[in-house]
Amino acid sequence: MVAPGASLVPLVPQRRVARPWAMLAASVAVAAVLALPLVFLLIEAHGAGVANIGRLIFRPLTGTLLWNTVRLTVVVTACCAVIGIGAAYCVERTDLPGRRVWAVFVVVPLAIPDFVVSFGWASLSPWIQGFHGAVLVMTLAVYPLVYLPVVASLRGADPVQEEVSRALGVGRVRTFLRVTLGQARGAILGGCLLIALMILAEYGAFEILGFQTFTTEIFTEFTIGFSVPAACALSLVLVLLSVLVLGGETAARGQGRTMRAGPMARRMTRRHPLGRAKIPVLCGFALLTVLALGVPVGSCLYWMFARTSAALSGVSVASAAWHTACYSGAAAALSTLMALPLALLAVRHPGRARRLLERSTYLVLAAPGLVIALALSYFSERYADGIGYQSQALLIIAYAVLFFPLALTGVRASVTQAPVTFDEAARALGQRRLAVLRRVTLPIVIPGLAAAFCLVFLSGVTELTATLILIPTGVQTLATQFWAYQQNLSYGQAAPFALVIIAVAAVPSYVMGRWFDRLPKRSEKLS
Amino acid sequence: MTELCVKGLHKVFGSEPVLKGVDLTVPSGTLAAVLGPSGSGKTTLLRVIAGFERADQGTVTLDGRVVDDGRCYLPPEQRKIGYVPQEGSLFPHLTVAKNIGFGLPRNERRGRQVTELLDMIGMTGLGHRYPHQLSGGQQQRVALARALAVKPTLVLLDEPFSSLDASLRASVRADVRAVLREAGATALLVTHDQDEALSLAGEVAIMQSGQIGQCDTPQDLYTRPADPALAHFLGDANLIKGVLNGTSVRTFLGDLTLDHTADRGSGPVDVLTLIRPEQVRLRKCNGNGHAGKAGLTGRVVDHEYYGHDAVVRIRPDVTEDDLTLVARVMGAASYPAGASVGLSVEGPVMAWPVN
């Protein structure tokens, strides 16, 4: 029963590899790259002089910007929470007719960039502007960020807890508030965090609506006023706001724990009948779809066909689409690759220091795209003699850094699917390390890696702010070309670019939504 | 021919010694079990034998061939070992048939062997299913078939039944034993479940804090443990004081016969005597509280009824200490608390000198 020829195999001299040094080194390098923008920002601020920065921060303009930014963030986040939670509950827990169709319609607006939603509304009516316009547009553009995690959490949560609550004499509404929302608490907070960060970072939508926030002002200072110290001072405040949001979310999340006792049987409980509320709820979903999906898409179509004054160049659309795909694709590959060592380290070799390393990379969330772009471009100009400024490489690195948290989330989830025991089982069956990687680890991990890639790719396609600053001269992406036409009020020419962006982003995000939909079923019994 | 031989195995994690000189031999074609509480190092032992961990000192010999001697080591994929991990760890992206054929050369993966193994584990025709479509017991059986497909020298089972329901455990256990016997495989099972080890294995090694305390057949382990601690670890035990003189032990329960394998000592010595609950015989007393024979009596303290048998705790009427005897009685006889019973001990006993 001995392996044939086994006696010929030499004993492998023992190497004592206690720690995965290579992976550790790669992770530290990645974390360092991610920290660069914030470090640059601090160097810049230091160079401009503390007194100078102080003077630039403590002026009335900052107060106005602060008031505008904060009230918008609070109001939009609240609106999105209400819409997102309501829609998620109706789709997941009630007998809403046509749930599957609504589930798609509710999510698709996520694929429409904020600046396109803004363009769609503002180009139709001059009344859509300022604070109210910004609340309307941003709410419609980002509410799926609450809807998606809440739906997932409601699906994963144990419906028996709700039954227990009802049996304990707590009514339906109070059960919803105390148990259902309690279960989804982490998901709600996570979604709200993303929305708040997005509003802090948004530029295009507010520029179109003529609403002044930190980001629009920084952009103006940098590109029109050429005032680096002023842009830098305002950036510091913006980063501080983002850090506050992040810290607040962590603090709020830390108070509650989700607990699951034992392996849980996933079973369907009866959906709550909507009863007389059915018609109003249906109308609500229809209205939401028209406002979030119908108006932006319809408006783009209207401008494209109603105002064909200028000749449309199919070539420029194709060339812009090509550049968009190249930059986004390269960035997606780069950030997925960067996320791998950190995810592997965190999942396979857990330890406090390593977990801290992984968490530190989430600090990137606090740096809006504009700040990352400014920091990188400033640094290349000041310290690298302009080498790399407005180069393709710099743009791709900026994307990869900006969307790294997205990649890490996806990669980490997929690496978790392939625990070390699979490797061991395969090796005991006579497979060498490379064969194990090829036959076991990769097939399990690749769908998740692909999802992470798609996520970053989509974000790259819809990115405007950093692109405007870092785009190589003479090159246009879909977003920047759209922006150029839109700025010239050539709506008819801008519209096709917006539609291509939507088409490029909507199809994969729908596919990916379906994939994530199937994910829990696959791992159901494996856990 | 000896299939597995472990000698003086040491393993340290950080500064904590986990294995402190383990010696273990598993003869060809037998199923042995390593039984120990969690943290005793039994899983580490298994992982060193499989090659997932490397020995710090000592040797592991497989089929006469040193695979790890603390300096050089053979990687796991070249050891021809069948490894059945705790949760089965079936590859989730492969069907049952592909899981079973995983370790085979490419041209044999769809062959007759996979079908035969499916038949052997009683899952004929289920080869196209995915692991998540199987019950826990089925997953465990597929994991075993996957390990057996490569015709291993040795099958290692790491707590293979602990993730199963109690009701499933017995039947899967029987299945596994039948499959292993049919395959004629040498196997080593690691478990913390006494029933599992005693009922499955031909030989059981008890592992305590990084060392093998005793390695014997289940019967010998139970009736002739090496020391009082081992007696206590395995099953229920009554340990009472006595004086050993030649082949007889004098206790308050009377003069008991010493087991023929036990050390007789020289002259009278104070000993600790092991009396298993099955050895304690109870007789119902008549109304006036006296046993029929002029024997020892006691009062029932409590009574746990299990259907096939019952455990009765008795406070003997004459003892120096505050002592309770545990007795196991078969059948439907009922001993209500407070009842008076006659006591006697049956069969030879083990005894160890007290120092």
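pLDDT is the predictor's confidence in each residue, on a scale from 0 to 100. You'll want that for these exercises, since this is a predicted model, where local features need pLDDT of at least 70, side-chain atom pairs count only at pLDDT 80 or more, and totals for chains, interfaces and linings use all residues. Residues are numbered from 1 along each chain as its sequence is written, while chains are lettered from A and ligands numbered from 1 in the order in which they are written.

**Exercise 1**

Find out which element of chain B has the lowest mean pLDDT and which has the highest.

*Solution.* Next, list the elements, which are DSSP runs numbered from the N terminus (helices: H or I, at least four residues; strands: E, at least two). Chain B has eight helices and 21 strands.

**Exercise 2**

Work out what share of the residues of chain B is buried.

*Solution.* Then apply it: 40% of the 355 residues in chain B count as buried. For scale, the C-alpha trace of chain B spans about 80 × 45 × 35 Å along its principal axes.

**Exercise 3**

Decide whether A:Q183 is buried or exposed.

*Solution.* Locate the residue first: A:Q183 sits in helix 9 (residues 172–183) of chain A. Then count: A:Q183 is buried because it has 21 C-beta neighbours inside 10 Å.

**Exercise 4**

Describe how domain 1 of chain A meets domain 2 of chain A.

*Solution.* Begin with the bounds, which come from an automatic or database domain assignment. Domain 1 of chain A covers 38–260 + 275–302, and domain 2 covers 307–527. Their C-alpha centres are 21 Å apart.

Next, count contacts (C-beta atoms, placed from the backbone, within 7 Å): 36 residues of domain 1 of chain A touch 29 residues of domain 2 of chain A. On the domain 1 side, helix 13 of chain A gives the most, with eight residues.

Finally, sort that side by class: 28 nonpolar, six polar and two charged residues. Here Ala, Val, Leu, Ile, Met, Phe, Trp, Tyr, Cys and Pro count as nonpolar, Asp, Glu, Lys and Arg as charged, and the others, Gly among them, as polar.

Technical notes
Buried ≥ 20, exposed ≤ 12 C-beta atoms within 10 Å, placed from the backbone. Contact = placed C-beta atoms within 7 Å.
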